[in-house]
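Biologist: Could you put the model up so that we can go through it together?

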Amino acid sequence: MKKKILAAFMAAAMVAGMSAINVAAEEEGGDVITVGFSQVGAESDWRTANTESMQTTFSEENGYELIFSDAQQKQENQLTAVRNFIQQEVDYILLAPVTETGWDTVLQEAKDAEIPVIIVDRMVDVSDDSLYTTWIGTDSLLEGRKAAEWLNAYATAKEIAPEDLHIVDIQGTIGSTAQIGRTQGLEEGVEKYGWDLLEQQSGEFTQAKGQEVMESMLKKYDNINVVYCENDNEAFGAIDAIEAAGKTVGTDIAAGEILVISFDTTNAGLTNVLEGKIACDVECNPLHGPRAEALIQALEAGEEVEKLNYVDEEIFAFDDTVASVTAVNSLDEEGEYAVTPITQEIIDGRAY
Amino acid sequence: MSKLKKITGARLFLPIVCLIAVLLINVIKTPDFFNVSIQNGVLYGYIIDVINRASELVILAVGMTLVTAASGGQDISVGAVMAVAAAVCCQILSGGEVSVTEYQNSLIIAVIAALLAAALCGAFNGFLVAKLKIQPMVATLILYTAGRGIAQLVTNGQITYIRVDSYQMAGGYIGSIPVPTPVFFAIITVVIVSLILKKTALGLYIESVGINGKAARLVGLNSTLIKFLTYVICGILAGIAGIVASSRIYSADANNIGLNLEMDAILAVALGGNFLGGGKFSLLGSVIGAYTIQALTTTLYAMNVKADQLPVYKAIVVIVIVTLQSETFKKFIAGLKSKKASGTPAAEGGQK
């Protein structure tokens, strides 16, 4: 009996789910551009900001119809979502893939249906590049290089010899795109300028692990003066560990303060920059909406678009010692990037 | 000889030997591992880190031991239940905001609600296992997967920050007491639970139900109720661990609080020389097991093992420890010994 009731309930839920999709499909029409967006999930603040950016950009007022699908971290949900988009004959598909591999078949189906696919954030690994139209995302290697260049410029301005910079690197989850790029950025700096890199250890992008790893490092070395955290959460943990050990975080290395460099520029992270606890925070911009819209408009106008598109990312620092840094991005283009001294207005004015 | 046999034959002999073995590695590899000093008014040193960081695991291991003993299975949802408790506690304290600098609701109400939520999770598991007689691992798999989702729902998918000094006490320090507070939580939990087990007949009941549920029922024990109770206790203990973990990072990180801790808790029970099939149990053994696991992690950090290689070393050590404790291995060793003792004639006799 129990099983029957459960089965009936499940069936009802399925019917309800299917009719919801039908409603969405029927609403198409006119000169509204329909965009299907398959998002990874809602695992972090960054992801939530990414979703919100898409939702506000592709709003009805702007002349779009956005069909949003949350995959809850599962690729099979994304495959279903993309096939649904194809059946509903959307004009464009935005795909934020959860993993890199396994997309060939479904992307071929989209290509056969002549629907342009824009990959967002993480990359897809497919045998044929023409299976997707273009990619938008962040350049974590550039982020790492920016941070390294900032550190060099800062040390030079404060007249600190490169060999006197004793750095520990709290890495992200090993193998993630962000970790690989940001670690490489630092390692290139170490190679180039001759810094003293004491140790690299993963904090798995979490506050608790960042704290635990920093605690251990502080006991091992008593000369640490730079902590390179590969995201803000790790930086929060590292700062707590440093303060618990009776040391201070700040920007005055000569006076024995420990300088913290971080990434992501979350709201809480920038607040720490304002307090001087994080010296430099490099942005990892989740606001992909405007860039995606620009690409769609270009495609609508029949223009050719670049295969790889990096969103603009800023650098925020506690003070104005360094005005700008020069760094090379993943496309081997050298650029000059301004460093913004943080203020409360900037924090209040940001979307995430 | 008989004295030696008495010592080596004791239940807790092997768990203690394992812990000492792990610590001995440090004497050779990291001589300053045992240095304890007072820094910034608090105790400071690797060994303090081990005792401090193991606290949540100790609390979980206590609950896991009871569940294992009574039902002959494990509760794999404890990590997720930790996240649920942390989410409920922080969400009530923040009154729905993402980050607050003062309590919006009373701390006592928040803690009670969090523990109630954890107890409810435990009761749900207990109902499935004790009443519906579902395999413990299958029954708790439900909350293992759904628990973090529930926690996410509670926190609206955000990390909720409680930036209040008194909230950080449970994971930090109270006033000028130099010992980290989590240590007290662990000690108090162990003392209370062992007192309950000793002073009432509950411990005996749990063992009898675990050894033979039917026989226990025939002598008048309500085995369903006892199994149910162990799951509720396990849930509440996971709730306490969750609050401590969230206090450490003054936030509710639904994705990461207690992540993979259920496996460590089960391992602690196994390392403690407890039979995972239920029956007789040793609370102290599990506690020693929990400290062994944390000692291992901290040791590997201190020895600068790369993050991506860490699980491999952990696995090797675990394999060795578990093999040493297995009955078959013990018999094999005993067999070798008796062969040696009986001398050559027996060997020539070819009795195999």
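This is a predicted model: local features need pLDDT of at least 70, side-chain atom pairs count only at pLDDT 80 or more; totals for chains, interfaces and linings use all residues.

Biologist: How many residues does each chain give to the contact?

Modeller: Chain A gives 23 residues and chain B gives 24 residues to the contact. On the side of chain B that touches chain A, at least two residues each come from α3 (46-53), α11 (223-248) and α13 (283-302) of chain B.

Biologist: Moving on, how do α3(B) and α13(B) pack?

Modeller: The axes of α3(B) and α13(B) are 9 Å apart, and the angle between the two helices is about 135 degrees, so they are oblique to each other. Their crossing is right-handed.

Biologist: Which residues meet there?

Modeller: From α3(B) there are Tyr46(B), Asp49(B), Val50(B) and Arg53(B), which meet Tyr291(B), Gln294(B), Ala295(B), Thr298(B) and Ala302(B) of α13(B). Sorted by type, the residues of this contact are five nonpolar, two polar and two charged.

Biologist: Is α3(B) mostly covered or mostly open?

Modeller: Mostly covered, since seven of the eight residues of α3(B) are buried; among them are Ile48(B), Ile51(B) and Asn52(B), as well as Asp49(B) and Arg53(B).

Biologist: What covers the buried residues of α3(B)?

Modeller: The cover includes β2 (42-44), α4 (55-71), α8 (181-199) and α13 of chain B, together with α7 (207-220) of chain A.

How values were computed: Residues are numbered from 1 along each chain as its sequence is written. Chains are lettered from A and ligands numbered from 1 in the order in which they are written. Two residues are in contact if their C-beta atoms, placed from the backbone, lie within 7 Å. Helices (H or I, at least four residues) and strands (E, at least two) are DSSP runs, numbered from the N terminus. Axes are lines fitted to C-alpha atoms, for helices over the stretch in contact, and angles run from 0 to 180 degrees between N-to-C directions. Angles under 35 degrees count as roughly parallel, over 145 as roughly antiparallel, 65 to 115 as roughly perpendicular and the rest as oblique. A crossing is left-handed if the near helix is turned anticlockwise from the far one by less than a right angle, and right-handed if clockwise. Ala, Val, Leu, Ile, Met, Phe, Trp, Tyr, Cys and Pro count as nonpolar, Asp, Glu, Lys and Arg as charged, and the others, Gly among them, as polar. A residue is buried if 20 or more other C-beta atoms lie within 10 Å of its own, exposed if 12 or fewer, and partly exposed in between; C-beta atoms are placed from the backbone.
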